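These are my notebook entries from going through one structure, written in the order in which I looked things up. I wanted the strands and helices settled before I turned to individual side chains.

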Amino acid sequence: MKKICVLPGDGIGPEVVECATSVLRAATDQLEFVEGSIGLAAHGERGSYLPDETLDLMRSTDSTLFGAVTTPNQPDYVSPVLTFRKQLDLYANVRPVRSFSRPGSSKPIDVVIVRENTEGMYTQNEVFDDSGVTTVRRVTRRACERIVDFAIDYALKRGRQKVCCVHKSNVLRASDGLFLSIFREKMTSFGRSLKSEEQLVDSAGLMLVTDPGRFDVIVTLNLYGDILSDVAAGVAGGLGFAPSGNIGEKHSVFEPAHGSAPDIAGKGVANPTAAILSGAMMLRHLGMSAPAMSIERTVASVYQSGHLTRDLGGRHGSKSFTEHVIRGLKALDSL
Ligand code: NAD
């Protein structure tokens, strides 16, 4: 039995997380869920966007399923997401994006973006002076090594063929140059089993749109990975297609890559696919590959049958889409 911390958060977070937990319950009886609070509601109730009790819960459970939070317009706001990534040392952000074959689907894409998750532009070190603001961007050898090792290991374990390093070392010669040189060093040992590629981040953005099939696994720095995973999700059909995992040595947090979408919150129309697939990623991470695969296959077949949510031009709301997934899982079970 695995204990899962559930953090619904704000906006559409609670809506998509409820869909994901009901799919997980249908896929396995080996999970126990414990709910914690994060974001605006946590701040309202406990005066903190990430209360200590929530962090303790995240530490004491086997993994966390998180929805999304809304960023308030407050100058002293510290993101609870960046905080838990640092506090739990979740150094790898993994975002697999694949298009499901469906009526009206766009170019096929099946890419995994592995992004350094603890430093780069996200150290939030911004220094004001009379002329403006200086943002400190930190790139350390240790973080580069860890993320490149992670990407190579991920690619080998998942039978992927190629790892592409995305960087901007023609401009950021020292920092991105360090990242690229570590990538080159590490990849030399895998010449036979993994192809190696390098792309500047601007070219990679173009190619993801014009020729997405050329990419397999991308390893990149924090901000580039954040932007490119939304580009990839756009190619696949929308933000509903981008699940993610924040992974460290001891802890893990799985979340849809999208935000709290206040424009559609409360309407029951959010596409829950990214949250459901984040749940499947969590199962796989916990060694529960069979139910993970059942969820992934069932979601793919629901798309193939043309059951689409409104963001994809369909008529389904979050709940009725989820009911189709649960029905598909039960049908698999009875085979
Ligand atoms: P967003 O991802 O919330 O939404 C962008 C657009 O995509 C919106 O039009 C939204 O309706 C649509 N969208 C997002 N998820 C969808 C889904 N599942 N189904 C259908 N449509 C979906 O990004 P935003 O609007 O830039 O940010 C909204 C809030 O979320 C902000 O406060 C932002 O800071 C926060 N945010 C939080 C996280 C997080 O918690 N990890 C990540 C990104 C943004």
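Before I could count any pairing, I needed the rule that two strands pair if DSSP finds at least two bridges between them. I also note at the start that what I am reading is a predicted model.

**Entry 1: the sheet**

I began with strand E8, residues 162–167, and found that six bridges join it to E9, the two strands running parallel. Within this pair I looked up cysteine 165, which stands opposite glutamate 198 in E9.

I then traced the whole sheet, which is open and is formed by ten strands in the order E2-E1-E3-E12-E11-E4-E5-E10-E8-E9, with mixed pairing. Its edges are strand E2 (31–35) and strand E9 (195–200), each of which pairs on one side only. Ignoring direction, I noted that neighbouring strands of this sheet are turned by 25° against each other on average.

**Entry 2: helices on the sheet**

Next I asked which strands helix H6, residues 175–187, touches where it packs on the sheet. I found contacts with E8, E9 and strand E10 (217–220), and the direction of H6 makes about 165° with that of E8.

Helix H9, residues 273–285, also packs on the sheet, and I listed the strands it touches as E1 (2–9), E2, E3 (63–68), E4 (92–98), E11 (243–247) and E12 (252–256). The direction of H9 makes about 160° with that of E12.

**Entry 3: salt bridges**

Side chains of opposite charge can pair when their charged atoms come close. A search of the whole structure gave me 17 salt bridges, and I looked at several of them one by one.

The side chains of arginine 184 and glutamate 198 meet in a salt bridge, with 2.8 Å from N to O. Because arginine 184 lies in helix H6 and glutamate 198 in strand E9, this pair ties together parts that are 14 residues apart in sequence. I recorded arginine 184 as partly exposed at a relative accessible area of 44%, and glutamate 198 as partly exposed at 31%.

I also noted a network, in which salt bridges that share partners join Arg95, Arg115 and Asp226.

Are the partners glutamate 255 and arginine 85 buried or exposed? Their side chains meet in a salt bridge at 3.1 Å, N to O, and the pair links distant parts of the chain, with glutamate 255 in strand E12 and arginine 85 in helix H4 (residues 80–87), 170 residues apart. Buried means under 20% relative accessible area, so glutamate 255, at 5%, counts as buried, and arginine 85, at 6%, counts as buried as well.

For glutamate 53 and arginine 46, which form a salt bridge, I read 2.3 Å between the closest N and O atoms. Here glutamate 53 is partly exposed, with a relative accessible area of 43%, and arginine 46 is partly exposed at 47% relative accessibility.

**Entry 4: around the ligand**

How many residues surround the ligand? I counted 19, the closest being Thr71, Gly259, Ala261, Asp263 and Asn271.

I then checked polar atoms at the ligand, and found one of its oxygen atoms 2.9 Å from a polar backbone atom of valine 69. An oxygen atom of the ligand is also 3.0 Å from a polar backbone atom of serine 260. A nitrogen atom of the ligand has a backbone N or O atom of asparagine 271 at 2.9 Å.

**Entry 5: two single residues**

I looked up methionine 121, whose place is in strand E6, residues 120–129, and which counts as partly exposed at 35% relative accessibility. Leaving aside neighbours within four places in sequence, methionine 121 is in contact with Thr135, Arg137 and Leu223. From methionine 121 to alanine 280 I noted 159 residues in sequence and 29 Å in space, C-alpha to C-alpha.

Last I took glutamate 35, found in strand E2, which counts as exposed at 62% relative accessibility. Not counting residues up to four places away in sequence, glutamate 35 touches Val6, Pro8 and Leu57. Glutamate 35 and serine 289 are 254 residues apart in sequence, and their C-alpha atoms are 24 Å apart in space.

Technical notes
Residues numbered from 1 in each chain as written. Predicted model: local features only at pLDDT ≥ 70, side-chain atom pairs only at ≥ 80, totals over all residues. Heavy atoms only, no water. Helix = DSSP H or I, 4+ residues; strand = E, 2+ residues; numbered from the N terminus. Axes fitted to C-alpha atoms, helices over the stretch in contact; angles between N-to-C directions. Contact = heavy atoms within 4.5 Å. Salt bridge = Lys/Arg side-chain N within 4 Å of Asp/Glu carboxyl O. Buried < 20%, exposed > 50% of the residue type's maximum accessible area, 1.4 Å probe, protein only. Near = heavy atom within 4 Å. Polar contact = N/O pair within 3.5 Å; in protein donor to acceptor, adjacent residues only side chain to side chain.
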